[in-house]
Amino acid sequence: TTSNTAGTLVPSDGVTVGGTLIVSRATAPASTVIASKVVISSKVVISSKVVIASEVVIANQVAVIVNVIVSQAAAIANRVAGIATQAAAIAIQVAVIAPQAAVIVNQVTVIATQAAVIPPSSSAGPSSSAGPSSPAGPQLPAGPPSGGSSSSSSSAITDDSDDESSLDGSTVPIPQASLAATINWKRGSRMLPNVEVTYNANTAYPPVNKTTVIGIDPGEVFAMTATRVGPGIPQSRKSVRIRRSYLYQPYLKFRTLLEEAKAAEGIDELESNIPPMTLTTLDQYFEYMSTVEINGNRGVRTNRDRLLRFYGHKKWFARKSWDMRKMQTACYDISIKKMLGLAGGNETTPKAANVNAIFCIGLGSFNTRTGMPTKHSALEKRFVTRARALGYPVVGCHEYYTSAKCPRVGCDTFLQPTERRSRYCPVCRMHFDRDVAAAENIAQVCRAQIDPSQHHTRPAKFMPK
């Protein structure tokens, strides 16, 4: 501080001259500048800490990814080890099977050599070339006197694929004497016992001269073909054929009415746009079912409400479904009535005590070409249940050669194909329906089992030659 003439102390920052304060230096202290520099340096430190923290986070993420990759690699290694173990086990099995396969090949070679050495018999006829893979028998070279052509024969041979008779066997030529031993002639099914087990010399059987035998041949075009062989006149025949299309009529009629009702209500378009119910499209499914339709006459409804109304609340679907099932049952009942009528009965009256009748059904298996489910199994189950409840015996028999041989008694000729479902016997010079001939031959097999004069055995014409 300095003193003026009045003796008053004034700050050293300035001098008063004539009552005026004159500043001699800057009022801002130097320490303030230094402090601002310190603040700036602290900001630099914070930014460096942020950089370090981000590097630590990235390093942690990299570590997690590495751990996942390592775990997946370990799982893959375990799977590879498991596959290698399975491959080793398969190799061991192959090593065990290989010697057995070699033995089988040697046996097949020996059998083929023996078959080639056997001279053909001049009296064997065309049946000597019948092999196990063609149970329908060889086709005779001579055609019918009229009506047959090469094109019709070709189409009929193609149609033999839906023949109900079947025989499992190897494609290697096997002598016919040993072929009969490879067939299980006494096999049955869950519903039908075999006729050779039910009726033979060691069991009770009805008198052959008073028993009516009805042979039934299940098929594709005709669900069942039944033929009656009477005891009084062996050559008298009566047949009933039930078309599979007849049994499908109720279902097809119901489908037609259903499609028309769907088109009128717009349900067919609604159902065609429904997303599939999978894990990936589940949300889309529920969203579509909750979609609202605004209609001035019917109000506001979701797609789900429309479906519930058509299939449930409207009662149309339930009523038509009941009508379809009722019509289907009526078709089955009419078919059963017609087949029981061959034995002189009906679908409600039990068998009389003085009536002797046997129903014999072929134990064949086949597949339909249309892809639709077969109706013969449902009809067969209903018929067997109803016939047994009325007191009629129902048995089954092997269908070997039943669709291939002439059904006339004493004729052992293979039938020639002429049309799709027609066959011709060049010896008897007669045309036969293939299904009717098969049903009649099935009846002959059953009739031989109750005939003591035939030693209760299968006729020789239906055995391998």
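Predicted model: local features only at pLDDT ≥ 70, side-chain atom pairs only at ≥ 80, totals over all residues.
Biologist: What makes Glu-259 and Arg-255 a salt bridge?

Modeller: Their side chains meet at 3.6 Å, N to O. The cut-off is within 4 Å, so the pair qualifies. The two residues are 4 apart in helix H5 (residues 244-265), which separates them by about one helical turn.

Biologist: Why is Glu-259 called partly exposed?

Modeller: Its relative accessible area is 35%. Buried means under 20% and exposed means over 50%, so Glu-259 falls in between. Arg-255 counts as partly exposed too, at 35%.

Biologist: Why does Lys-262 count as buried?

Modeller: Lys-262 has 10% relative accessibility. Lys-262 meets Glu-271 in a salt bridge at 3.0 Å, N to O. Glu-271, at 26%, counts as partly exposed.

Biologist: What makes Glu-265 and Arg-309 a link between distant parts of the chain?

Modeller: Their side chains meet in a salt bridge at 3.8 Å, N to O. Glu-265 sits in helix H5 and Arg-309 in helix H8, 44 residues apart. The distance is within 4 Å, so this pair also passes the salt-bridge rule. By that rule the count comes to 7 salt bridges.

Biologist: How do you know that the buried residues of H7 line one face?

Modeller: The buried residues of helix H7 (residues 282-289) are Tyr-285, Tyr-288 and Met-289. Seen down the axis, they fall within an arc of 95°, so they line one face of the helix. On the other side of H7, Asp-283 and Glu-287 are exposed.

Biologist: What puts the buried residues of H8 on the same side?

Modeller: In helix H8 (residues 303-313), the buried residues are Asn-303, Arg-306, Leu-307 and Phe-310. They cover an arc of only 95° around the axis, which puts them on the same side.

Biologist: What makes the link between Asp-305 and Thr-302 a polar contact?

Modeller: Their side chains are 3.0 Å apart. Asp-305 is found in helix H8 and is partly exposed, with a relative accessible area of 34%.

Biologist: How do you know that Glu-399 has no salt bridge?

Modeller: The nearest side chain of opposite charge, Arg-187, is 7.0 Å away. Glu-399 is buried, in the loop between strand E11 (394-397) and strand E12 (416-419). Its side chain reaches the backbone nitrogen of Leu-363 at 3.4 Å.

Technical notes: Residues numbered from 1 in each chain as written. Heavy atoms only, no water. Buried < 20%, exposed > 50% of the residue type's maximum accessible area, 1.4 Å probe, protein only. Lys, Arg positive; Asp, Glu negative; His and termini not counted. Polar contact = N/O pair within 3.5 Å; in protein donor to acceptor, adjacent residues only side chain to side chain. Arc of directions from axis to C-beta.
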